[in-house]
Amino acid sequence: MGKRRHNNQLFNALSKKDKKHLKDFGEEHPFHDVVNERPERTQIVKLRGTPQQADDDGSEEEELEQETAYQKLLTTLGRPVDNDHSEDEEGTDDEEEDEEEEELVEEGESDGGDGGSDSDDDDDDGGKEEGAGDGDEDVSEAAGQEKTGDGAAERGVGEEMEGAEEEFTDKEHESKFCLESNFIREGEEEDKQDSQPPGEEDTKDMFVQHVDTEISEEDVEKIVSGPRAKTTLTWPKMGTLLCSTPLERLGPVSQPKDAILPAFHKVLEGNWRSLNQASDPEGGAEEGASPFQMELLGLMGTYRDVYYPESSPLGTSQQVRSAYCLHALNHVLKANSRVLAHNSLLHRQQTESKAGAEPQDEPRDQGLTRPKALILVPFRDAALRVIQTLIGLMESKNKNMDVSNKKRFKEAYGEEADVKPPKVQKPEDYRATFSGNVDDHFRIGISILRRSLRLYAPFYSSDIIVASPLGLRTLLGTEGESKRDFDFLSSVEVLVVDQADVFLMQNWEHVLHVMKHMNLQPLESHNVDFSRVRLWNLNNWAKHYRQTMVFSAIQDPQINNLLSKHCSNYRGQVAVKNIPKTGSICQVLVQLPHVFQMFQFFIEKVLPQYKDSVMSHTMIYVPSYFDYVRLRNHMKKADMSFASTCEYSSRSEVSRARHQFQAGDKQFLLFTERFHFYKRRVVNVLFMVNLFTIRGIHNLVFYGLPTYPHYYSEVCNMLAASSPTQGASWTCTVLFSRYDAHRLATVVGAKRAGQMLHSNKGVHLFVTGEDDKAS
């Protein structure tokens, strides 16, 4: 008894984190290792090579390390665990990743044993609920646990190390692609055709007008804090455009019939009209630029900031990608041609000048660093498509094009050949978003010179950078870190944020972190020739010359805030503002009353209504992970019966929560929006097959309106998976506020949303069903 009491005292003295570690690994945390006075025998440990070791001049020395308990634990992460009780390691096979999880519900015995004992029910969230008693701690922890990709929540330590090993930069072709040392020599007629001679540039070209315009300090004050002239106009394909201009002398955007397409570089003159074929090498794309692309190129050519929130994966996303790739490539080619032409002029002046002649002023045609365009995309597959489009636009039937490191790039960014298609049917937009390589940690530099393109160029020798926000975040670092670098973003002139809605589902903080480091004064010179740097770069006004183009499938306040707070283009902004006429509520097939309530204190007003046993089987849909943490902490403190599934939940935790909720063991189920984003499936209400994993829902509560409007109908149609005969007892409650005006319009329609927001009533009722009527 004394020994058992002593062990209990030791166990109670451990923190929740240490208890969880003891439970998962069968041993105390290495912090509690007892160190003997007698030194242990030294052992030779072969550790995996790190990126630093790979670049260390080929050093192959093996270090003698003392293998601690923590290192032994790390070595187990690289190989499978044979213990029968480690259910969390089961099912991690890639072959079983997309299997139907509905069958796990019927395996009540196996799911019930997936936690060891009943005491595990109080820890449904696994490691995510540690310290849940302290709400502030969990909310701060949530900031660090924001989703970084589909596989990020399940990515192990070993996989992260493998991703870090993929750093490669091409230094072999550095002199070939160096702008400073290259110029047009005599006899190079091909290059002369591609480069515009100095003094012969078209003054009507918007590129020339944009980079040569000099703004004053008064203009800067107007741009930063002055009023903006706003105008609204309608274009045939893009719809309603809201234009804001800080400087009155520039004027608003013209009508589409008066819009002028940008002047394209000579390299692109023969290919730009076939830009859709360039983005789709396999064929199937329409020939020539579409009327929509012509309007979009006309907007981009004005060098105003552009926000287009209707670039859906099944709609215009491919046309949008082709258009912004053409615009960015055209900008880079013109900027490089100007530098090469000036190099030739200076070289000729030096050779022809006589001794003792006064030196002439050098042309100002460069920024503080070389990168001119930054393209942010969420996945490697999107980066692959972007670079394929860039290559396709530069290729010519009559002239060969040199692409360095193309094979390495396809191997790193293409989809693996042995990847099997998912066994579960997914929605079409899901397959379009998550096709190909969905790794979200990458960055690659591209340098362009004449008709040659180099992949994996060092950032300070690159013209275009294609990266994910996470890939840049790990390089930018934070304050206080010794190794961080953001100087390469100092002179970016074209910024593209594609699929911004996917960034909301990953980690929006990474996007904001990148924006905060755009166009800052560099900390080092990086061998720049200051005599050729533009004056507005030296004045730290580069952010006022940067054109930012944001494309997403939805309108969202956070994306709007990105343009209003982090973009200050002196030419103004153009945003597409089309009002949704019908809402996604029309796509709800089940007969269901929808109660929309103005957002009040959820804990005091709404939640008590569902504590009654009659209102069991209640699923709460939470769009924000931070709200999920707060709500989860409150329900734990109130000792409420609930289970939860979020994007960080393991498969065993999800299956256990589903089983407990369907069986009625848990009254509530917390369900995050990002879990739905990454784990969606086809909901077939008519045939009742391949339904979504959550069954047993009788009451549905939307803690907030969904980010994607079609998620509302998808979640509501889940109720049909429970029992079609219980439709009369189903309920749906939606919380909204006046700040959710646009999301509300996408769900119920613009007309109804306006009536609800201006009504004195706090509750609004709609009924959907077979007759598809709402009251």
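A residue counts as buried when its relative accessible area is under 20%, as exposed when over 50%, and as partly exposed in between. Keep that scale at hand for this tour. The model is predicted.

**Stop 1: helix α15**

Select residues 380–394, which make up helix α15. Start with D381. Its relative accessible area is 11%, so D381 is buried. What is the relative accessible area of R385? The value is 31%, so R385 is partly exposed.

**Stop 2: R380 and D439**

Stay on α15 and select R380, then D439. Their side chains form a salt bridge, 2.7 Å from N to O. Where does each partner of this pair lie? R380 is in helix α15, while D439 is in the loop between α17 (428–433) and β6 (443–449). The two are 59 residues apart, so the pair links distant parts of the chain. R380 has 5% relative accessibility and therefore counts as buried. D439, at 23%, counts as partly exposed.

**Stop 3: the neighbours of α15**

Show helix α14, residues 317–352, together with α15. Their axes are 9 Å apart, and the helices pack at an angle of about 60 degrees. That angle makes α14 oblique to α15. The crossing of α14 past α15 is right-handed.

**Stop 4: K334 and D205**

Go back to α14 and select K334, with D205. The pair forms a salt bridge, and its closest N and O atoms are 2.7 Å apart. K334 lies in helix α14, and D205 lies in the loop between α9 (189–194) and α10 (206–212). The bridge therefore ties together parts that are 129 residues apart in sequence. Are these two residues buried or exposed? Both K334 and D205 are buried.

**Stop 5: a salt-bridge network**

Select R370, K372 and D463. A network of salt bridges links these residues. For the whole model, the salt-bridge count comes to 14.

**Stop 6: a nonpolar surface patch**

Turn to the surface and select F530, L535 and L538. They form a nonpolar patch with about 250 Å² of accessible area together. Pick out L535, which is placed in helix α21, residues 535–538. Its relative accessibility is 41%, so L535 counts as partly exposed.

**Stop 7: helix α28**

Finish with residues 741–748, helix α28. How many of its 8 residues are buried? The count is 6, so α28 is largely enclosed by the rest of the structure. Colour the buried ones: R743, L744, A745, T746, V747 and V748. Then step on to G749, which follows α28. Its phi is positive, near 100 degrees.

Technical notes. Residues are numbered from 1 along each chain as its sequence is written. This is a predicted model: local features need pLDDT of at least 70, side-chain atom pairs count only at pLDDT 80 or more; totals for chains, interfaces and linings use all residues. Side-chain values use heavy atoms; hydrogens and water are left out. Patches are made of residues with over 30% relative accessible area and no salt bridge: like charges are joined within 9 Å, nonpolar side chains (Val, Leu, Ile, Met, Phe, Trp, Tyr) within 5 Å. Accessible areas come from the Shrake-Rupley method with a 1.4 Å probe; for residues, only the protein chains shown count as cover. A salt bridge is a side-chain nitrogen of Lys or Arg within 4 Å of a carboxyl oxygen of Asp or Glu. Helices (H or I, at least four residues) and strands (E, at least two) are DSSP runs, numbered from the N terminus. Buried means under 20% relative accessible area, exposed over 50%, partly exposed in between (1.4 Å probe, protein chains only). Axes are lines fitted to C-alpha atoms, for helices over the stretch in contact, and angles run from 0 to 180 degrees between N-to-C directions. Angles under 35 degrees count as roughly parallel, over 145 as roughly antiparallel, 65 to 115 as roughly perpendicular and the rest as oblique. A crossing is left-handed if the near helix is turned anticlockwise from the far one by less than a right angle, and right-handed if clockwise.
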